[in-house]
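Subject: Structure handover and notes

Hello,

Here is the structure you asked about, with my notes below it. Please open the two side by side.

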Amino acid sequence: MSKQDISFSASRRKFLKSGMVLAAGIPAMNLFPLTASLTNRSQIAADDADSLYKLFQDPPGTAKPFVRWWWNGDKLSAKEILRELDVMKDAGIGGVEINPIAFPGGPDMGIPSMQWLSPEWIEMVKTALKGAEERGIICDIIVGSGWPFGAEILEGDDRSQLLTLTSKKVSGQGKISLKLQDILNDAKPHVNAYKGADNDLYAIALAPVSMEKFTEPKWLPFDKASDTIEIDVPSGEHIVYFLVKCTGFQAVINGAPGAAGPVLNHYNKEATEKFLNRMSDALFPQIKELKGFRAMFCDSMELEGANWCPDYLEEFKRRKGYDIKPYLPYILFKVGGMGSKVEGSEITQVKGEAKEIIDRVRYDFYTTCMAIITDRFLMTYTKWCNKHGFKSRMQPYGNEFHPLEASLPIDIPECETWIWGHTDKKSGHTAIDFVNNNSATNVNKFVASAVHLSGKKICSCEEITNTTLVFNTSLEQVKICGDQSNLSGVNHSILHGFNYTPPEVPFPGWIRYGTFFNERNPWWKYFKQWAAYKARLSVLLQETEAFADIAVLHPLADMWTIHGPQRDPFPGLRYPPYQYNVWEAIHKNGNACDYTCESIIQKSTAKNGYLKYGNRQYNTLLFIEVETIQPATAKALAKFVSAGGKLIFVAKEPHKSPGLVNRKKNDKAVAKIVTAMKKVYPQRIFTVDAPKDDIVKWFADVQKQCDIKPYMKIDNPNKCVSQIRHRAEGKDIFFISNASQDERFSLNLSFPDTKGNPQEWNPETGLRKPLPAEAALPVDLPPATSKIIVFDEAPVRPLIGLARKFPENEKPLVPQGWTMQLEHLDGTTQSRKIDLPFDLSKDESTQSFAGTVIYEKKLENVADYHWLDLGKVYGVSEVYVDGMEIGNHWYGRHLYALPGDISGKTLQIKIITTVGNYIKSSPKNHANHWVRGGGWTHVGIEGPVKLI
């Protein structure tokens, strides 16, 4: 069985020698009819040796967007599988992740569900593999179904385990009697529960109500066979802790038949191997004659607080050197959703030395959980994938994983980028704020940094994940979301998702999750334009090396010590609150960063002012309010600073060590090293204030205070525009993107350490043009727009015949008196006269519309006007003059060059909308729950429409 490799290493070594120019700011689809003949096209042909540009022009399937292919309820047929593969190929999709999932509801059309790993289900997998291979589509597959791994067949300690507790304040002297079932019910975790869970009273401990010096609890005997628990309470007030072990407490989330049931115990290596081998034994021999899968996928590690296995006590003592049991009542807690702590319990109040000891034990407890699950699940899973000839693809984060280190051994680590919608209470409309609420989740930079540090090529992402605006998301918003994903370090998109749904299912079909990527979406026919854009951008990022000059260390040890790990990618706590905004501020000011961790710092070498690890090197380390580091980390920092490196402490400085064993000795060592290097190298070590409001300005001030030189000088840094830099054998590549849906920015950029000729590479068309070799390069970024600027020694030949320049300052004409035709996707049509185009969602008579809006007007006396600016548009626009299409726009500024004198001709503007308002107005629609409670979505043209 073979695997499909995404490596094109040879393409990193040779580059473009020739090309052609486009007019600034004018899309090629509008430019070429006016300025270029077919004979000019030969100028854009790349030399045979110019492999990077050839890939950019014609990206391979590995660079094209993939989709999570929800096999809804496994209600499958070979005919439908092949039909959907054709739909996806035609749309420019390069790969699928087969993902069996629970049926989402709605009309099932009488189609039965197949069982995971049943012979008939395996036949459907074979059909998909063969069909994908014939179409040049790459296949991954999820292991099992839903998340986390699990199945109905799991029993006993093979199921996930949680040690939790409930507590009660009691007074003595006297005897109290409690029903065992009441105790178990009170301790029961509030999670996605499995009904067949086994809950057992593990231990009872009596502890003080408060303490300043650590006191071991008193372990109380109890009759395990009795339904009643009796406790002798000594005089005074106490806290009694009931430790409860829950086995099989969590059910697989949205598991399909055959792979639902209890979640696997990821702390149990034998259970993991048994689960994985069940799939490989049943499926892999049946597909050995086919090309097979590229990768096996492991979805979200939402283990809901699982923290136990039968030998945990022994493992902890072996790894940390002491017995954890006396501390368990003080570090465990009642568990809520996704493993969160349920507040309000009666517990021992600790302070002083007792608090310090308990905090340090908490750190040891959680890092032991991380170590066990890494050894027994993560490494076992990757070895199993590789043993069978596949890559491991995984989302390795959550309470139980180090957010950076867990990605290092995974072949294709994956993160998440979401669409976040909110409803404006005043207007009642839904909106997305990309500027203040980045689509890239907090784990993206951790995962991408691990990819860079481990020398891997691919950073995968579950992208455009969407639970609030499933039917309301536009292609423009898909683009901005995807651009933010790329800015965070992603270069491989797994769209979330494409729903398996036969055509006969009533509109909108079966919808499990994610953005409405489906041929029934009115804007689907334009999806291939975004897919082409995304593929060219992705191949450029995959085939070159991400640059970073700054390494950022988060205060993970401090957070784990005080609060415990957080549920990534949606942490309940940010410590400090701005921690995940620092990288954005760095990039928006013309530098770039990776995240780092203590183990990486310790393994790095320091030389000539850089900290080097593998092929990564940083001249600056920035610590975000870090107080706790290991002595070995402090020693590595001292070597870095002595070698000429720059060290920046934000608000706080390291002065102590993590963990319980040898804490006083280690604390002194850390404090001594940090104090000494500050004394010897004061010019290289800085302590700066924490950011307050404007974090972009804050880092600009840090640049000045600490003499950090940006590689891209931006004349006016702002929160809307960000950038990344890639390199490949002397070629510098910059991706710059505007996240605002409304604001346009004109920037002047300078690149002090780049060489060669500046060019703009257009990911929509695959073309490129030379840019003026000026000290400050002017860059125009209309809303939702991005640019790729490449510096290369080879010049680019311009295209003969340039499009005319847009006149920014001329007085426009706003034409009135239009005919509006509404072609609803339900097949109905209506027409009306209007003065000006308007937002349909603001008129009750058109509020529920979805489909194509056609605005039409005959133009008179407009010989002096050569441009059409549609103003603010919600949707995809197409423009026709006397029936001749002059172009379309699916994002950004909807600006069109008109074909000569259009006086006496009919101008027609088509707007293709989203479908959310229609579904919202259809309460009986089976998919209405995705929009119920949300607001209306802007639809149509807000304008003003202008002739210029």
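Which residues line the second largest cavity? Before the answer, one caution: this is a predicted model.

**Cavities**

The lining of the second largest cavity is made up of Met-370, Gly-398, Phe-401, Pro-403, Leu-556, Met-559, Trp-560, Pro-565, Gln-566, Asp-568 and Tyr-580. Helix α13 (residues 556-562) gives the largest share of that lining, three residues. Sorted by class, the lining of the second largest cavity has eight nonpolar, two polar and one charged residues. The space inside the second largest cavity is about 60 Å³.

As background, empty space left between atoms shows up when a probe the size of a water molecule is rolled over them. For this model the count is seven cavities of 30 Å³ or more.

The largest cavity has a volume of about 110 Å³. Its lining consists of 15 residues, and Gln-484, Leu-487, Lys-588, Ser-722 and Ala-739 are the ones nearest the centre. At least two lining residues of the largest cavity come from each of α11 (475-487), α14 (582-588) and β28 (731-738). By class, the lining of the largest cavity splits into six nonpolar, five polar and four charged residues.

How do helices α16 and α17 lie relative to each other? The axes of α16 (residues 631-642) and α17 (residues 663-680) come within 9 Å and cross at roughly 10°. Angles under 35 degrees count as roughly parallel, so α16 is roughly parallel to α17. On the α16 side, the contact is made by Pro-631, Ala-634, Lys-635, Leu-637, Ala-638 and Val-641. Helix α17 contributes Asn-666, Ala-669, Val-670, Ile-673 and Met-677. Nine residues of this contact between α16 and α17 are nonpolar, one is polar and one is charged.

**Salt bridges**

Side chains of opposite charge can pair when their charged atoms come close. The count for this model is 55 salt bridges. One example to look at is the salt bridge between the side chains of Arg-68 and Glu-97, with an N to O distance of 2.7 Å. Arg-68 sits in strand β1 (residues 66-72) and Glu-97 in strand β2 (residues 95-101), so this pair ties together parts that are 29 residues apart in sequence.

Regards

How values were computed
Residues numbered from 1 in each chain as written. Predicted model: local features only at pLDDT ≥ 70, side-chain atom pairs only at ≥ 80, totals over all residues. Heavy atoms only, no water. Axes fitted to C-alpha atoms, helices over the stretch in contact; angles between N-to-C directions. Helix = DSSP H or I, 4+ residues; strand = E, 2+ residues; numbered from the N terminus. Parallel < 35°, antiparallel > 145°, perpendicular 65-115°, else oblique. Contact = heavy atoms within 4.5 Å. Nonpolar A, V, L, I, M, F, W, Y, C, P; charged D, E, K, R; others polar. 1 Å grid on protein atoms, 1.4 Å probe; cavity = no way out; pocket = protein on both sides within 12 Å on 5 of 7 lines; lining within 4 Å. Points joined across faces, edges and corners; volume = space filled by probe spheres on them. Salt bridge = Lys/Arg side-chain N within 4 Å of Asp/Glu carboxyl O.
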